[in-house]
Number of protein chains: 2
Amino acid sequence: MYRTHTNGELRLNNAGQQVTLAGWVQTIRKFGAITFVDLRDRYGITQLLFGEELNKQLEENPLGREFVLQASGTVNERTNKNANIATGDIEIIVSSFTILNKSAVPPFTIQDDTDGGDDLRMKYRYLDLRRNAVKKNLELRYAVGRAARNYLHNNGFMDIETPFLIKSTPEGARDFVVPSRMNPGQFYALPQSPQTFKQLLMVSGYDRYYQIVKCFRDEDLRADRQPEFTQIDCEMAFVEQEDILAMFEGMVKQIFKDVKDIDYTATIERMTWEEAMWTYGNDKPDIRFGMQLCNLKFPAHTFPTKESIASLINGADFQVFDSAETVIAIAVPGCAEYTRKQTDEITEWVKRPQIGMKGLVFIKVNADGTYKSSVDKFYDESRLKAIADAAGAKAGDLVLVLAGAEERTRKATSELRLEMGKRLGLRKEDEFRLLWVLDFPLFEYDEEGNRWVARHHPFTSPKPSDISTMIGNNPVIENAAEYLKHPYANIKANAYDMVLNGNEIGGGSIRIYQRELQEKMFAALGMDAEEQQHKFGFLLGAFEYGAPPHGGIAFGFDRLCSILGGSESIRDFIAFPKNNAGRDVMLDAPAAIDDKQFTELQIKLDLQ
Amino acid sequence: MYRTHTNGELRLNNAGQQVTLAGWVQTIRKFGAITFVDLRDRYGITQLLFGEELNKQLEENPLGREFVLQASGTVNERTNKNANIATGDIEIIVSSFTILNKSAVPPFTIQDDTDGGDDLRMKYRYLDLRRNAVKKNLELRYAVGRAARNYLHNNGFMDIETPFLIKSTPEGARDFVVPSRMNPGQFYALPQSPQTFKQLLMVSGYDRYYQIVKCFRDEDLRADRQPEFTQIDCEMAFVEQEDILAMFEGMVKQIFKDVKDIDYTATIERMTWEEAMWTYGNDKPDIRFGMQLCNLKFPAHTFPTKESIASLINGADFQVFDSAETVIAIAVPGCAEYTRKQTDEITEWVKRPQIGMKGLVFIKVNADGTYKSSVDKFYDESRLKAIADAAGAKAGDLVLVLAGAEERTRKATSELRLEMGKRLGLRKEDEFRLLWVLDFPLFEYDEEGNRWVARHHPFTSPKPSDISTMIGNNPVIENAAEYLKHPYANIKANAYDMVLNGNEIGGGSIRIYQRELQEKMFAALGMDAEEQQHKFGFLLGAFEYGAPPHGGIAFGFDRLCSILGGSESIRDFIAFPKNNAGRDVMLDAPAAIDDKQFTELQIKLDLQ
């Protein structure tokens with residue numbers, strides 16, 4: 001060992017001890033003949049004091065930032081204590097030292113507020129990882145993983161590894177593929193998830209499985225997506241939805257306790273998918289704040305159980321609302337005093353291409369009970385009041401109204417709500433609100449192919465009450481314009497998402513476990529019997545030999561860590577992430593390969 | 001929940017309780033109007049008793065092997081107890097039941113001694129996994145992983161995930177590569193190990209890292225190799241070899257304790273590589289038994305520190321020994337009475353192509369003190385005695401002597417020793433003997449290229465005393481015939497292997513952490529500066545910014561589990577293994593991919 005203690009370990013009661021420390025030179029400060037060095041390692045910082053007698057040696061072996069230093073000496077009580085660090089009561093009077101390795105001047109400072117830009121830090125990720133801010137993230141990640149493992153172990157789950165070199169069965173996202181040298185012309189695929197394997201393990205009787213496992217998706221990378229990502233992947237047999245919800249509420253609460261020391265004792269709220277879409281405009285609502293959507297107008301079929309209140313806006317000859325498919329309002333608390341400049345800025349915000357609206361209507365509910373609106377000339381004060389009341393506005397609030405095509409308007413209102421919540425400080429970083437979203441539709445309509453696609457994945461079971469609808473009807477959509485009238489449009493899935501502060505952190509479902517139903521599902525997605533057999537013959541086969549009822553869930557580990565760590569970027573919680581072009585700029589990968597490799601793999605490039 | 005209890009849970013003190021169980025029908029036995037069903041799940045087997053009143057229901061819903069059954073009833077004390085199973089004191093008097101899923105007749109029996117052949121079991125692996133024998137292996141695997149994680153956690157190690165999509169830097173084994181759609185013409189590689197990443201983490205200050213992680217090697221698969229395998233991968237900074245040996249002795253002992261309830265209190269023996277090769281003929285000796293090699297003759301240079309005793313065999317005009325490069329004897333205990341048929345059989349055994357010897361000489365040390373040998377006419381009794389004594393033979397032993405080319409003869413004697421040890425029951429399955437093998441050569445000679453290759457990998461440090469030899473000499477081998485005289489031939493590595501019962505279960509080294517030495521190493525392996533920069537520029541760069549002394553070890557997780565489980569096959573300890581052609585016969589992977597995938601990846605086949 002190059003050290004007797006770490007740099008986070010020594011305290012006043014160690015005073016007088018002979019110790020040897022090792023670490024990196026964080027700072028060097030000279031005071032006359034005396035040199036102070038802050039020595040850093042993973043555990044902390046300890047101050048070293050080099051006295052006059054070491055000056056000659058220091059001159060011959062000058063220290064620099066990030067040098068690796070080993071120093072021996074005596075622990076001494078400081079006269080000038082530093083309450084900010086755990087070792088601040090002591091310092092080491094150095095008697096001898098060795099420079100274990102030198103360092104060039106780092107391209108950026110190794111500090112929380114570094115001067116390094118993103119690209120530079122990624123190129124020198126091994127230096128970036130030295131920064132305390134990044135280290136804390138990886139420590140948090142490790143703690144989350146350990147908490148999950150302990151909880152799952154204590155509940156009888158077994159970690160079982162599933163293979164990485166599997167078969168390509170592209171459904172939805174693209175597979176990464178791996179040419180097989182030993183089987184020329186054939187390819188493995190990297191798993192998008194261990195979905196079918198964990199289901200096979202249920203068929204095999206391993207009734208509580210988990211794995212913290214890398215998954216791969218070759219998607220065009222939007223911000224904050226990684227081609228390789230990690231899931232906490234779980235599956236249980238002989239369970240119903242309620243059992244899974246209870247089990248994994250427990251897991252997440254345990255993670256809160258172990259990692260953040262938060263007792264999340266509150267009941268985790270539940271909301272149907274329809275309610276979430278209606279009330280918040282999206283399927284992963286941030287329920288830390290209200291500002292719920294007031295759906296003034298919406299097309300028939302979209303929310304079949306909901307009642308229209310379009311009478312509040314109809315008949316005023318306001319063309320924007322009259323011609324719009326959808327009109328939605330939100331009441332922003334306490335913003336009635338916004339200036340023209342401020343409302344203009346919000347209008348510009350919703351007109352940005354990412355939001356894509358044409359404009360914004362506002363109604364100020366003034367403190368004195370009067371109303372002021374951008375549509376004063378179409379709506380008198382009583383009508384403005386009726387709209388504001390419907391939106392739940394109180395005196396002092398600002399009602400914002402968006403109008404346009406259904407999906408775009410709903411999404412835009414949802415985004416606007418989140419933006420206003422953020423601006424008003426309603427999305428508190430240290431407040432955590434969990435939510436289950438339930439009863440998703442089983443299918444989504446694919447306009448391009450005029451067919452159904454699985455909203456979750458093809459292994460999700462319909463609600464028991466919808467099984468006969470699914471088996472008994474032909475999935476073909478005769479009339480594209482009326483797809484919402486097809487019986488499949490209303491089939492609900494036995495699926496659930498766990499949402500934390502407006503982010504989906506986990507999702508799962510009760511699975512199909514009957515061959516007939518699974519075949520019907522594949523057929524509904526446009527797979528004929530041959531394709532079913534080629535891609536999923538092993539699973540259909542397994543369902544013939546006593547498959548138990550089962551279901552599961554997968555948590556996005558990177559995302560869960562980033563939210564618990566109070567960051568919006570999952571990259572901050574991955575030791576060696578890739579950039580938005582899927583590149584590792586430190587390794588400079590991907591890269592060209594040798595001719596010999598092409599020859600052995602019997603493939604060649606076919607660049608367009 | 002479909003059950004109130006598992007099938008391994010109920011005991012006599014549950015008698016009288018109403019319970020619901022679920023599981024698979026293991027056996028059905030009819031006795032008159034009563035039907036007994038053994039219901040199986042992961043936790044055990046419980047006997048169900050279907051009385052006369054359920055006969056009609058059973059006739060309408062006949063049960064079959066492997067059906068998934070849910071049954072409710074009352075726990076009842078058995079009259080006819082079964083001491084072989086944990087639930088053997090009770091049975092369930094069934095009041096109602098539901099068939100949750102049917103099963104076709106399985107292609108083989110779900111029993112420890114199944115009638116299914118290897119191919120069939122692999123195709124239906126999801127059924128094979130139901131067998132208790134396989135389940136126990138996966139449970140052991142989980143227990144080993146958990147013991148390792150707990151030990152490492154308690155010793156301050158952090159689990160940090162390293163990337164799977166990296167850069168191809170083929171050194172030794174071939175990489176699996178992954179075409180990048182977003183970077184046409186470029187490829188990722190799957191990691192053969194996280195070696196360089198864990199070293200970067202040391203540079204970053206995470207001084208105790210571990211990961212239980214999949215690795216990939218595209219090698220021609222010999223028996224019991226898998227293209228994807230799992231490592232317990234560890235690295236420490238600010239350590240010397242002794243620190244690593246101590247830490248991981250602790251880990252393996254903890255695994256013995258947690259998994260096998262074995263207190264491995266003995267000191268773990270140590271042996272240099274040279275001693276292992278000299279005494280056992282290979283670098284991973286099984287030290288559960290003696291039968292050490294008696295090296296009668298060997299070429300100069302092979303073991304420079306060892307003394308020849310060729311005088312024992314020289315000058316007898318026995319052409320076989322005189323012309324042989326190497327002559328090695330072993331004394332097989334208690335086998336002097338072997339018949340001619342038996343010694344002939346052993347002779348045939350060493351003549352098999354896998355062993356490749358031309359013949360075998362034997363000397364029987366009879367109980368009465370006389371000697372009988374197949375080379376009686378060349379060696380008189382006093383010379384036979386001298387040879388037998390040198391081999392450590394006692395009265396009643398059988399001395400076996402092999403002669404031929406050095407490497408082949410050494411390997412053959414080593415194999416013969418292991419074979420005889422096995423036949424004599426000296427390799428006891430329940431005895432575990434750990435051993436460190438130390439001081440490996442740093443380089444191996446590559447005859448084809450007349451150059452050095454790294455014996456371990458290019459990041460292994462030479463012994464500190466050999467660093468100057470390495471830096472100070474030109475690695476080029478001028479005279480191929482005399483490569484053993486090159487100074488590099490004697491450089492020893494700071495490397496260590498952990499051996500268990502004749503299997504390498506882990507290996508590691510103290511790493512190079514100085515840029516100059518790393519460059520010299522790369523150069524010694526034939527890499528010019530440009531290639532070094534292209535392949536390992538990130539690592540050389542990292543060594544410029546304060547790399548600490550560090551080292552580590554990786555354990556072969558699959559192998560470790562198989563030895564602890566008393567099996568010779570790692571496939572038995574992998575949930576979904578591949579066959580010797582690298583195929584998953586259950587999935588039928590690898591497989592052809594779609595034209596669309598080729599187009600998107602901008603590659604095409606180039607079949608020879």
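Keep in mind as you read that the model is predicted.

**Empty space inside**

Rolling a probe the size of a water molecule over the atoms shows where empty space is left. Here the count comes to nine cavities of 30 Å³ or more. The largest cavity has a volume of about 590 Å³, and 33 residues line it.

Helix 4 (132-154) and strand 9 (208-216) of chain A, along with helix 4 (132-154) and strand 9 (208-216) of chain B, each supply at least two residues of the lining of the largest cavity. Helix 4 of chain A gives the largest share, seven residues. What classes of residue make up the lining of the largest cavity? There are 14 nonpolar, seven polar and 12 charged residues in the lining of the largest cavity.

**Helices side by side**

Two packed helices are described by the angle between their axes and the distance between the axes.

| Helix pair | Angle between axes | Axis distance |
|---|---|---|
| Helix 9 (340-351) and helix 11 (406-423) of chain A | about 135 degrees | 11 Å |
| Helix 5 (195-203) and helix 14 (529-542) of chain A | about 20 degrees | 10 Å |
| Helix 13 (515-524) and helix 14 (529-542) of chain B | roughly 160 degrees | within 11 Å |

Let us start with helix 9 and helix 11 of chain A, which pack at an angle of about 135 degrees. That angle makes helix 9 of chain A oblique to helix 11 of chain A. Their crossing is right-handed. On the side of helix 9 of chain A, the contact is made by Glu345(A), Ile346(A), Trp349(A) and Val350(A); helix 11 of chain A brings Glu415(A), Leu416(A), Glu419(A), Met420(A) and Arg423(A). By class, this contact of helix 9 with helix 11 of chain A has five nonpolar, no polar and four charged residues.

Next come helix 5 and helix 14 of chain A, with an angle of about 20 degrees. Helix 5 of chain A and helix 14 of chain A are therefore roughly parallel to each other. The crossing in which helix 5 of chain A passes helix 14 of chain A is left-handed. Thr196(A), Gln199(A), Leu200(A) and Val203(A) of helix 5 of chain A meet Phe536(A), Phe538(A), Leu539(A) and Ala542(A) of helix 14 of chain A. The contact of helix 5 with helix 14 of chain A divides into six nonpolar, two polar and no charged residues.

In chain B, how do helix 13 and helix 14 run, roughly parallel or roughly antiparallel to each other? The axes of helix 13 and helix 14 of chain B cross at roughly 160 degrees, so these two helices are roughly antiparallel. The crossing of helix 13 of chain B and helix 14 of chain B is right-handed. From helix 13 of chain B, Arg515(B), Gln518(B), Glu519(B), Phe522(B) and Ala523(B) meet Gln532(B), Gln533(B), Phe536(B), Leu539(B), Leu540(B) and Gly541(B) in helix 14 of chain B. Five nonpolar, four polar and two charged residues make up the contact of helix 13 with helix 14 of chain B.

Most residues other than glycine have a negative phi, and most peptide bonds are trans. A few places in this model are worth a look with that in mind.

In chain A, the peptide bond from Ala589(A) to Pro590(A) is cis, with omega near 0 degrees. Pro590(A) sits in the loop between helix 15 (557-564) and helix 16 (595-601) of chain A. In chain B, a cis peptide bond joins Ala589(B) and Pro590(B), where omega is about 0 degrees. The loop between helix 15 (557-564) and helix 16 (595-601) of chain B holds Pro590(B).

Finally, Asp317(A) has a positive phi of about 60 degrees, although it is not a glycine. You will find Asp317(A) in the loop between strand 12 (294-297) and helix 8 (319-323) of chain A.

Key:
Residues are numbered from 1 along each chain as its sequence is written. Chains are lettered from A and ligands numbered from 1 in the order in which they are written. This is a predicted model: local features need pLDDT of at least 70, side-chain atom pairs count only at pLDDT 80 or more; totals for chains, interfaces and linings use all residues. Side-chain values use heavy atoms; hydrogens and water are left out. On a 1 Å grid over the protein atoms alone, a cavity is a set of points where a 1.4 Å probe fits but cannot get out, and a pocket is an open set with protein on both sides within 12 Å along at least five of seven lines; lining residues have an atom within 4 Å of a point. Grid points are joined across faces, edges and corners, and a volume is the space filled by probe spheres set on the points. Helices (H or I, at least four residues) and strands (E, at least two) are DSSP runs, numbered from the N terminus. Ala, Val, Leu, Ile, Met, Phe, Trp, Tyr, Cys and Pro count as nonpolar, Asp, Glu, Lys and Arg as charged, and the others, Gly among them, as polar. Axes are lines fitted to C-alpha atoms, for helices over the stretch in contact, and angles run from 0 to 180 degrees between N-to-C directions. Angles under 35 degrees count as roughly parallel, over 145 as roughly antiparallel, 65 to 115 as roughly perpendicular and the rest as oblique. A crossing is left-handed if the near helix is turned anticlockwise from the far one by less than a right angle, and right-handed if clockwise. Contact means heavy atoms within 4.5 Å.
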